[in-house]
Amino acid sequence: MTTYIFDQSSERERARLGGLSAQFDAVTIRHLTALGVAPGWHCLEIGAGAGGIAGWLATTVGPTGRVVATDLDTRFLTDLPAPVEVRRHD
């Protein structure tokens with residue numbers, strides 16, 4: 001039994017993560033753009049969820065960059081573009 005408040009084994013997990021992405025990704029991307037994320041950067045996303053930001057980072061840093069995306073549950077991080085490296089992490 002897990003003590004995590006949002007049970008990740010729930011069938012609604014993808015919908016929950018999608019809702020979070022819809023609510024917050026645009027703001028996060030605006031902040032990352034203002035920071036100057038660019039080709040060749042090396043980035044770490046902790047708590048990657050459904051991978052929306054990790055995917056954006058991969059597209060932005062391009063083949064000369066690197067993105068490591070971590071999460072407790074990596075099942076929604078399987079279709080991310082290169083150069084994303086996915087790691088299970090608690």
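Guide: The largest pocket has a volume of about 360 Å³. Closest to its centre, among the 22 residues that line this pocket, are L17, L20, G47, A48 and G49. This is a predicted model, in which local features need pLDDT of at least 70 and side-chain atom pairs count only at pLDDT 80 or more, while totals for chains, interfaces and linings use all residues. Residues are numbered from 1 along each chain as its sequence is written, and side-chain values use heavy atoms, with hydrogens and water left out.

Visitor: What makes a space a pocket and not a cavity?

Guide: On a 1 Å grid over the protein atoms alone, a cavity is a set of points where a 1.4 Å probe fits but cannot get out, whereas a pocket is an open set with protein on both sides within 12 Å along at least five of seven lines; lining residues have an atom within 4 Å of a point. Points are joined across faces, edges and corners, and the volume is the space filled by probe spheres set on them.

Visitor: Which helix gives the most to the lining of the largest pocket?

Guide: That is α1, with eight residues. Helices α1 (13–35) and α2 (52–61) each supply at least two residues of the lining. A helix here is a DSSP run of H or I with at least four residues, and a strand is a run of E with at least two, numbered from the N terminus. The protein has two helices and three strands, in the order α-β-α-β-β from the N terminus.

Visitor: Why is the pair E13 and R16 called a salt bridge?

Guide: A salt bridge needs a side-chain nitrogen of Lys or Arg within 4 Å of a carboxyl oxygen of Asp or Glu. The N to O distance for E13 and R16 is 2.9 Å, so the pair qualifies. Both residues lie in helix α1, three residues apart, about one turn of the helix.

Visitor: What do the side chains of E85 and R66 form?

Guide: They meet in a salt bridge, at 2.6 Å from N to O. E85 lies in strand β3 and R66 in strand β2, so the pair ties together parts that are 19 residues apart in sequence. E85, at 24% relative accessible area, is partly exposed, and R66, at 36%, is partly exposed too.

Visitor: Where is the cis peptide bond?

Guide: It joins A82 and P83, with omega of about 10°. P83 sits in the loop between β2 and β3 (84–88). Most peptide bonds are trans.

Notes. Buried means under 20% relative accessible area, exposed over 50%, partly exposed in between (1.4 Å probe, protein chains only).
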